[in-house]
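Me: I've got a chain on my screen and I'd like to talk through how it is put together. Can you take me through it?

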Amino acid sequence: GKQKEVDPKQVFLLGHSLGGQVAPLIAARSPNVAGVILLAASARPLDEMILEQTEFQAKLAGLTEDPPQIKKFREDVAKMRSGELADTETLLGVPVSYWREFRSLHELDALKKLTVPVLVLQGGKDVQVRETDYRLWMKALADKPPALQEGNFFPSLNHLFQSVEGEATGAEYAKPAPVAGMAIDAIAEWIKKQKQ
């Protein structure tokens, strides 16, 4: 329902991680969205991201060659991509149809077509979504007027936008920590700018 305290013309859509990946597609179907904010948003297929994360964890564990489960996942991904696996089969316990759905998204194209301002935030110590993804989003925004695109890369923040000292491994997720003020401030300042 409608809330009188909320101006329907000033609603911003914020998506984090996979939520950020689908945010441009949601915004394209939502004519009243005033702007889009992508936090640590994936810009590559889910299977590619999961494989990269799994390989990263194996390296952290000191493995010099891929363990059997990574090899199997790589083989299963190839079968999924080729159509060898049926939609009803599972990959890491998830239906193949779900993985294919993410492969069929055209989130970068959807972002290019948006006519509302977009803010992209990324942490440099994110071990799940990488600088590669940030660069893909910013490249997709490159042809838009400066007022419709902004990016902020925070070298010391992780996937949850928490400050991390030293090397990030993902283990720091277990330690309670707030979202860094610099990320919150960047979002607040950007929204204020859009309202002027």
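Reply: Helices (H or I, at least four residues) and strands (E, at least two) are DSSP runs, numbered from the N terminus. This is a predicted model, where local features need pLDDT of at least 70, side-chain atom pairs count only at pLDDT 80 or more, and totals for chains, interfaces and linings use all residues. Residues are numbered from 1 along each chain as its sequence is written, and side-chain values use heavy atoms, with hydrogens and water left out.

Me: How many helices and strands does the chain have?
Reply: Reading from the N terminus, the order is β-α-β-α-α-β-β-α-α-β-α-β-α. The tally is seven helices and six strands.

Me: What does L114 touch, leaving aside its neighbours within four places in sequence?
Reply: Contact means heavy atoms within 4.5 Å. On that basis, the partners of L114 are P24, A27, A28, V36 and K144.

Me: How many residues of β2 are buried?
Reply: Buried means under 20% relative accessible area, exposed over 50%, and partly exposed in between (1.4 Å probe, protein chains only). Across the chain, 39% of the 196 residues are buried. β2 is mostly covered, and its buried count is seven of seven.

Me: How are α2 and α4 oriented to each other?
Reply: Axes are lines fitted to C-alpha atoms, for helices over the stretch in contact, with angles from 0 to 180 degrees between N-to-C directions. The axes of α2 (residues 46–60) and α4 (residues 96–103) come within 8 Å and cross at roughly 105°. Angles under 35 degrees count as roughly parallel, over 145 as roughly antiparallel, 65 to 115 as roughly perpendicular and the rest as oblique. So α2 and α4 are roughly perpendicular.
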